[in-house]
Amino acid sequence: MATIFKSQKDLAYALIEVIDKYWGFQLEDEELVNQLKDLCDKNQNLLFKENQYTTMIRQRLGAKRLNLLTYILKNK
């Protein structure tokens, strides 16, 4: 899987894919954390604007996925 994206839409779909694999019991906890941190670290400019998630990311991920992402990022 690619880890550096050129658009917020592509990043959002990658985040959704990782989280949904975890919820589908295809990823372990450690793999989830590592993949999400890697995606977020390499794509800060697409993920955040003024210390908040961008509108595109919020809309595509939805509340439950955003809550999980926020939890993981805060507990680095």
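The legends below describe an overall view and several close-up views of a predicted model of one protein chain.

**Figure 1. Overall fold of the protein chain.** The predicted model contains four helices and two strands. Along its principal axes, the C-alpha trace spans about 30 × 25 × 20 Å. Of the 76 residues, 34% are buried. When contacts between residues at least 6 apart in sequence are considered, 63% of them join residues at least 24 apart.

Figure 2. The accessible surface comes to about 5,100 Å². Carbon and sulfur atoms account for 48% of this surface.

**Figure 3. Leu11 in helix α1.** Leu11 belongs to helix α1, which covers residues 8-23. Its relative accessibility is 1%, so Leu11 counts as buried, the cut-off for this class being under 20%. Apart from neighbours within four places in sequence, Leu11 is in contact with Phe5, Leu39, Asn43, Leu46, Leu47 and Ile57. Leu36 stands 25 residues away from Leu11 along the chain, and the C-alpha atoms of these two residues are separated by 11 Å.

**Figure 4. Lys42 in helix α2.** Lys42 lies in helix α2, which is formed by residues 29-42. With a relative accessibility of 41%, Lys42 counts as partly exposed, because this value falls between the 20% limit for buried residues and the 50% limit for exposed ones. If residues up to four places away in sequence are not counted, Lys42 touches Thr3 and Ile4. Between the C-alpha atoms of Lys42 and Val18, which are 24 residues apart along the chain, the separation is 15 Å.

**Figure 5. Glu50 and Asn51 in the loop between the strands.** Glu50 is placed in the loop between β1 (48-49) and β2, and Asn51 is found in the loop between β1 and β2 as well. The phi angle of Glu50 is near 55°, a positive value in a residue other than glycine. Asn51 also has a positive phi, of about 60°, although it is not a glycine. Glu50 is exposed, with a relative accessible area of 72%. Asn51 counts as exposed too, at 79% relative accessibility.

**Figure 6. The aromatic pair of Phe48 and Tyr53.** One aromatic pair is found in a search of the whole structure. The ring centres of Phe48 and Tyr53 are 5.2 Å apart and the ring planes stand at 25°, so the pair is stacked; planes count as stacked when they are under 30 degrees apart. Phe48 is partly exposed, with a relative accessible area of 26%, whereas Tyr53 is buried, with a relative accessible area of 14%.

Figure 7. Thr54 sits in the loop between β2 (52-53) and α4 (55-74). Thr54 is buried, and its relative accessible area is 6%. Neighbours within four places in sequence being set aside, the contacts of Thr54 are with Gln8, Leu46, Leu47, Phe48 and Lys49. Among these contacts is Phe48, whose ring is stacked with that of Tyr53.

Methods:
Residues are numbered from 1 along each chain as its sequence is written. This is a predicted model: local features need pLDDT of at least 70, side-chain atom pairs count only at pLDDT 80 or more; totals for chains, interfaces and linings use all residues. Side-chain values use heavy atoms; hydrogens and water are left out. Buried means under 20% relative accessible area, exposed over 50%, partly exposed in between (1.4 Å probe, protein chains only). Contact means heavy atoms within 4.5 Å. Accessible areas come from the Shrake-Rupley method with a 1.4 Å probe; for residues, only the protein chains shown count as cover. Rings of Phe, Tyr and Trp (its six-membered ring) pair if their centres lie within 6.5 Å; planes under 30 degrees apart count as stacked, over 60 as edge-to-face and the rest as tilted.
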